[in-house]
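Visitor: I have a structure here and would like to walk through it with you. Could we go piece by piece?

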Amino acid sequence: MRQKTENIYLCQVNETLSCGACCGLYNLPDPSFHVLTRILARRAALFADLPRDMESILEFGEKEKGLMGRLPMAEFHHCPYLGLIGPEKNRVGCLLHPLGDGNRGVDYRGLSHYGSMTCQMYFCPTHGRIPSYLKILLCNIIEDWHVFGLIVPETDLLAAIDKQIRARVSIININIEKTLERKNRRLWQNMLTLKCDWPYREADRPWANYFFNDVLYAKPSVDYGKTGQTSSRYDKLFRELHSVFNSPAALTRAETFMDRLFDDLAGTIGV
Ligand code: SF4
Ligand code: SF4
C-alpha cells in the first residue's frame, strides 16, 4: 500500500495485521468489525471479476459510494477501493495497489480520490512521532486489523501513553523481547486496546480519528464540571479517549485505573 520510509512500517504488518485508517476505513455509519468485514469482503469479491479498465473501476467506486450512507465526518473521504486482501482475504488493504490480485503490477490508484502520488507517499504522524518501542509493541500485541487500525493513527493518544511510561521508567535501554514476554502481553493489550474498551467514553463519539493538518474534527476538551475538579493528571489521555465523567467518583475511579495500569506497565519494561 505504501512504501517503507523507516524500519517499522505500520500500514501492512503481516498476513492478518494492516491498517486503512487514513483511507477513511472507520468513517462509515457502522464501523464495527462485522459490518466492515462484510463490506470489505464484498468489495474484494466484486473487484476480483472487474475488468481492469478506467470506466469499470470508476463505476465500481461510484456504486460503492452510493452504498455507504451518511459519513460521520463528511469531509473525511472513505475510499471505496478499500477491501480485504491477501491469500486468505483476512486483512484490509487497497484493491488498486499494483500488487493487488489481478492488477498485474499496474498501479490503479491514480483513479482514486487522492490519486496515486498521495496514496504512495502519505504516512500518518504515528510513523514519525511515536518511538520505536511503542510501534513494535503495537505490531506484536494487537491481534487483528480492526483494532490495530483504530489505535495506530491515534498519535496523540500514543504519545500520551509514552509520556506516562517515561515518567515512571527509563526506556533508553529497553529490551523489547523481555517487554514482550508472555506474562506482560495482557497488560499491554489492556493499554493498547483502551480506545475500544474505555468505559468512560462519550457514547456517540466517532470511531474514526481525523488526524490531518486541517484539524477539522478536533477532539473536545474533557468537561470536569461534574467532578469537582478542574483537570486531571491524565487530562491528555482522557481527552484522547473522548472521556466523559458524571461524578467525582467516576473521575477518581478512572485515575486510579490509570495509576495501576501505568505502574504495572512500567514494571514490564525489560532492560
Ligand atoms: S493511518 Fe498510518 S498506518 Fe494506517 S494506513 Fe494510514 S499511514 Fe498507514
Ligand atoms: S486508492 Fe488510495 S485511498 Fe484508496 S484504498 Fe488505495 S491507498 Fe487508500
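Visitor: To start, where is Val-215 found?

Guide: Val-215 is found in the loop between H10 and H11, where helices (H or I, at least four residues) and strands (E, at least two) are DSSP runs numbered from the N terminus. Please keep in mind that this is a predicted model, in which local features need pLDDT of at least 70 and side-chain atom pairs count only at pLDDT 80 or more, while totals for chains, interfaces and linings use all residues. Residues are numbered from 1 along each chain as its sequence is written, and chains are lettered from A and ligands numbered from 1 in the order in which they are written.

Visitor: Okay, and is Val-215 buried or exposed?

Guide: Val-215 counts as exposed because it has 9 C-beta neighbours inside 10 Å. A residue is buried if 20 or more other C-beta atoms lie within 10 Å of its own, exposed if 12 or fewer, and partly exposed in between, with C-beta atoms placed from the backbone. Val-215 also has a positive phi of about 45 degrees, although it is not a glycine.

Visitor: How do E1 and E2 run, and how many bridges join them?

Guide: Strand E1 (residues 82-85) and E2 run antiparallel and are joined by four bridges; two strands pair if DSSP finds at least two bridges between them. Ile-85, for instance, has Arg-91 in E2 as its bridge partner. The hairpin has five residues between the strands, and in it Gly-86 takes a positive phi near 90 degrees.

Visitor: Switching to helices, which residues of H7 are buried?

Guide: In H7, the buried residues are Leu-157, Leu-158, Ile-161, Gln-164 and Ile-165. Seen down the axis of H7, they fall within an arc of 120 degrees, so they line one face of the helix; the arc is that of the directions from the helix axis to the C-beta atoms. On the other side of H7, Lys-163 and Ala-167 are exposed.

Visitor: What do those buried residues of H7 pack against?

Guide: They pack against several helices, among them H4 (125-129), H5 (132-141) and H9 (182-192), where two residues are in contact if their C-beta atoms, placed from the backbone, lie within 7 Å.

Visitor: And which residues of H9 are buried?

Guide: Those are Trp-188, Met-191 and Leu-192. They cover an arc of only 80 degrees around the axis, which puts them on the same side of H9. The face turned away from that buried side carries the exposed residues Arg-182, Lys-183 and Arg-186.

Visitor: Last topic: which residues come nearest to ligand 2?

Guide: Of the eleven residues around ligand 2, Cys-23, Cys-79, Cys-94, Ser-112 and Cys-119 come nearest, where near means that the C-beta atom, placed from the backbone, lies within 6 Å of the molecule.
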